[in-house]
Amino acid sequence: MSLASIDPRARTPRLNRTVERIRQDFPILARTVHGKRLAYLDTAASAQKPEQVIEAMSRFQREEYANIHRGVYALSQAATDRFEAARGRVARFLNASSADEIVFTRNTTEAINVVAQSWARKNLKAGDEIVLTELEHHANIVPWQMIRAETGAVIKPIRIHDDGSLDLDHARSLIGPRTKLVAFAHVSNALGTVLPVRELVRLARAVDATVLIDGSQAVQHMAVDVQALDPDFYVFTGHKLYGPTGIGVLYGKGAVLNAMPPYQGGGDMIERVTFERTTFKPAPHRFEAGTPAITEAIGLAAAIDYVEQIGFDWIGPHEEELLTEATQALLAIDGLKLWGTSAQKASVLSFTLDGAHAHDVATILDQQGVAVRAGHHCAHPLMDRLGVAATSRASIGLYNDRADIDQLVAGITAVKRILKL
Amino acid sequence: MSASEDLRDLYQEIVLDHGKHPRNLRKPAEANRIGHGYNAMCGDKIDVYLTIGSDGRITDAAFQGQGCAISTASASIMTETLKGFTEEEAKSLYQSVHALCTEDDAVLPDSLDDDTADRLMVLAGVRQYPMRVKCATLAWHTMQAAIDGQANEVST
């Protein structure tokens, strides 16, 4: 089934797109923390959920729930249709050429592990090179180290410049005839750098290497078209896209997926089982053993509906404006250093404060109602590269507003007062 | 209790002082018990150095590493406290401090002098912040590992 010609944005009614209106869709934003207005600035760790997602999941569980792909009764058929419609919704979101190219996983980490354990184990041998970047979070490092231990493949990270942008000259020198896989983040979770994905794909294609793009920090900020970007694999997770936890997506080109062995064995992924032999279904079902996260897939589809109703033509400029304002406000604070100042950046403000540890900063900000991440951002090699143990990270989502940024700045002032900096 | 009162409990003057000007931040050449600690949540690392004299008592305690105000202050206060303790007394004090950081009605042993008890009591401020208990106990955990002769890094 070709879905490429359907543009969902042409069919969906426009919401009244103001941040005041959008904030009303997120019930949690109305609550207080430690008696203060909640300024939720940790969307890069996980996004809050709009009423539309909460209600879609709740309604399905209350009124429509059954297992999928097995019952002949009406409820099971309807649940199966809803689940497969969610797969089609994801396909349209990424502009995949077919819903069969969408594998549901638990999260980004599992999606990368499917590629490592299935594609890489089959295709890599000693001396083959896996090219990563210094920006990767652990989910795009550790699965490849496990493959290295099994196959003798070699891992080569592309360096970054001090501003957090990728050193493309180094990429050109690393990607060569031995390169079998190039795997990289679309947007860095720790610094917000938007990577030059088209150039990296072009370099990989020139040497016939397979490409995996980790879109965990991209799909909530910008429209992604996998046919235009042309990776073999594109992965993301539902909970950072205003959807539920427990559901992630592995996009793979149909021919690539169907040449891969199963990842896990069990029900739902087989055609015929005898004790002598078993034949497997084609992708995507081959990679979805057992009962999947049905309600969560429906929640993810509702989240995609929501995001596209608002539209990236609104989300992009809104977040960009807040990022610019917040950057200026933070840079005006004496003793504050921003990490990651690449010209191509999305959503993330990673900072340190002279004389204060990131955890002390985050504890005091929390008392002011400001939720930020503090620590290593699951990216130890990047922190080592930058020479910093931990940073505080404020990250922006579509529901953030100027009051959140003001509260962050006031909170940092309180940090300096309490720690006597 | 208001938010700012909470924070005054956690970031008392003595914590800020020890956090900014840690005592015994050094690596003694004669140390004969060494522990390596690591807080997996924030990436903070600490090494604890104890020197045990021929009478079985701690003659010197020191540490090196980087950490937040809470973990640095706790390590600093710990090294000031341990001199003169036997290994068993030091391990017993670890249990008391751990309780102090986690249990509302915990009390320190009567055997401690008032100055020491007052200094340690400031660590009780983390009770309100369960996510920060590991910051306050990392040095103590590492000290216990040093006494037990664990060569491997210990994580809280």
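Me: What makes Arg106(A) and Glu110(A) a salt bridge?
Reply: The distance does. Their side chains meet at 3.6 Å, N to O. A salt bridge is a side-chain nitrogen of Lys or Arg within 4 Å of a carboxyl oxygen of Asp or Glu. So 3.6 Å qualifies. This is a predicted model, where local features need pLDDT of at least 70, side-chain atom pairs count only at pLDDT 80 or more, and totals for chains, interfaces and linings use all residues. Residues are numbered from 1 along each chain as its sequence is written, chains are lettered from A and ligands numbered from 1 in the order in which they are written, and side-chain values use heavy atoms, with hydrogens and water left out.

Me: Why is Arg106(A) called exposed?
Reply: Its relative accessible area is 52%. Exposed means over 50%, buried under 20%, and partly exposed in between (1.4 Å probe, protein chains only). So Arg106(A) is exposed.

Me: And Glu110(A), buried or exposed?
Reply: Buried. Glu110(A) has a relative accessible area of 13%.

Me: How do you know that Glu288(A) and Arg87(A) form a salt bridge?
Reply: Their side chains meet at 2.8 Å, N to O. The pair links distant parts of the chain, 201 residues apart. Glu288(A) sits in the loop between strand S12 (278-280) and helix H11 (294-310) of chain A. Arg87(A) is in helix H4 (residues 74-94) of chain A. Helices (H or I, at least four residues) and strands (E, at least two) are DSSP runs, numbered from the N terminus.

Me: Why are Glu288(A) and Arg87(A) called buried?
Reply: Glu288(A) has a relative accessible area of 6%. Arg87(A) has 1% relative accessibility.

Me: What makes Glu129(A) and Lys156(A) a salt bridge?
Reply: The side chains meet at 3.4 Å, N to O. The partners are 27 residues apart. Glu129(A) lies in strand S5 (residues 129-133) and Lys156(A) in strand S6 (residues 154-158), both of chain A.

Me: Why is Lys156(A) called partly exposed?
Reply: Its relative accessibility is 29%, so it falls in the in-between class. Glu129(A), at 9%, is buried.

Me: Which residues are linked in a network of salt bridges?
Reply: Arg23(A), Arg37(A), Asp401(A) and Asp404(A) are.
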